Amino acid sequence: MTNPPVCNYEGSDYQQSFWEQGGREYEDRAEAIALKRMLPPSGKLMLELGAGAGRNTPRYAGFERIVLLDYSTTQLAQAQQRLGRSEQYIYVAADVYRLPFRQHQFDAATMIRTLHHMADAPKALGQIRNVLGSNAVFILEFANKLNLKSILRYWLGRQNWNPFSLEPVEFVKLNFDFHPKAIRNWLGELGFSIEKTLTVSHFRLGLLKRVFPAKFLAALDGLFQPTGALWQFTPSVFLKAKVNGNAQNADIPSNVIGLFKCPECTGENLQEKNDHLLCPNCNARWSVNDGIYDFREKMK
């Protein structure tokens, strides 16, 4: 068991059951609109945290290289099957609380539908901050506890937890909703400035999705998304944050192995072997299996 605990989708058919067959076309389209509004047009190195089966990865096509990070190797294998193998995509299985990357290398990162699984969100965000360079863009989506449904349920006495309080609420094991102000506070403390806030999934109601086409609802959602600058009462909120400061960014290595550090001892200069990476500092070995770098647990 990792500490903090990690939500593991190993062996899950999440992409198929939740997205492709779960009636979420509207949500997917609405998120695509939000990402298009926030993404830089181009970049060198993108870190996609909680990449899953690569649902959003094609939307980052402007970046020269994209690191898809997920805790589940089966999800990454599905992403690899979807996207193929090329120098543009790097598949990494790792714990977000101990990222296996050298500091200040990435010029952008996204974390979509992933923070809501974080039992220690500030720690996870701190890890992300460490690997981002100066002026890097971080696009974060979070599940919003201050949504209209939770407010109404609270006022009607059908919900015990207070949507107006700042602490996260765990409504199902390892599923958390966050208050927008708490997220802003954490990012501010880590040296981020918020550049844009969008509210997403305004019409996430079964009745509406059954009556209206997904394309229509998503287009309507897109009209309302900019109101996030004024208030946030939707179940999903997107933030575009930027790293403050003018510190020199690390050079991006041409060799993929140069991106990594050992999550066990933070040693760098890992050595590439036949089926693993070796840390010369602590002798930890990290599996490389079918194109996926696995930093979850060291090899025995």
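## Pockets, a nonpolar patch and salt bridges

L148 is exposed, its relative accessible area being 51%, where exposed means over 50%, buried under 20% and partly exposed in between (1.4 Å probe, protein chains only). This is a predicted model, in which local features need pLDDT of at least 70 and side-chain atom pairs count only at pLDDT 80 or more, while totals for chains, interfaces and linings use all residues. Residues are numbered from 1 along each chain as its sequence is written, and side-chain values use heavy atoms, with hydrogens and water left out.

**Surface patch**

- Together with L230, W231 and F233, L148 makes a nonpolar surface patch of about 440 Å²; patches take residues with over 30% relative accessible area and no salt bridge, nonpolar side chains (Val, Leu, Ile, Met, Phe, Trp, Tyr) being joined within 5 Å and like charges within 9 Å.
- L148 belongs to helix α5, which covers residues 148–155; helices (H or I, at least four residues) and strands (E, at least two) are DSSP runs numbered from the N terminus.

**Largest pocket**

- The largest pocket has a volume of about 660 Å³, a pocket being an open set of points on a 1 Å grid over the protein atoms alone, where a 1.4 Å probe fits and protein lies on both sides within 12 Å along at least five of seven lines.
- Its lining consists of 21 residues, and those nearest its centre are N147, L148, K149, S150 and P235; lining residues have an atom within 4 Å of a point.
- Helix α5 gives the most to this lining, with five residues.
- By class, the lining of the largest pocket holds nine nonpolar, eight polar and four charged residues, where Ala, Val, Leu, Ile, Met, Phe, Trp, Tyr, Cys and Pro count as nonpolar, Asp, Glu, Lys and Arg as charged, and the others, Gly among them, as polar.

**Second largest pocket**

- The second largest pocket has a volume of about 520 Å³, and of the 34 residues that line it, G50, G52, D70, R113 and T114 are the closest to its centre.
- Two or more lining residues come from each of α1 (14–20), β1 (43–49), β2 (63–70) and β4 (106–111), and α1 gives the most, with four residues.
- The lining of the second largest pocket divides into 17 nonpolar, 13 polar and four charged residues.

**Salt bridges**

- The whole structure contains 15 salt bridges, each a side-chain nitrogen of Lys or Arg within 4 Å of a carboxyl oxygen of Asp or Glu.
- E27 forms a salt bridge with K209, with the closest N and O atoms 2.8 Å apart; E27 lies in helix α2 (residues 25–38) and K209 in helix α7 (residues 206–211), so the pair ties together parts that are 182 residues apart in sequence.
- Within this pair, E27 is buried at 2% relative accessibility, whereas K209 is partly exposed at 25%.
- E31 pairs with R55 in a salt bridge whose closest N and O atoms are 2.8 Å apart; because E31 lies in helix α2 and R55 in the loop between β1 and β2, the pair ties together parts that are 24 residues apart in sequence, and both residues are buried.
- R98 and E264 meet through their side chains in a salt bridge (3.5 Å, N to O); R98 lies in the loop between β3 (89–93) and β4 and E264 in the loop between β9 (236–243) and β10 (271–272), so parts that are 166 residues apart in sequence are tied together.
- R98 is partly exposed at 26% relative accessibility, and E264 is partly exposed at 40%.
- Salt bridges that share partners join D28, E31, R55, R59 and R113 into one network.

Definitions and conventions: Areas by Shrake-Rupley, 256 points an atom, 1.4 Å probe, with all protein chains shown as cover. Points joined across faces, edges and corners; volume = space filled by probe spheres on them.
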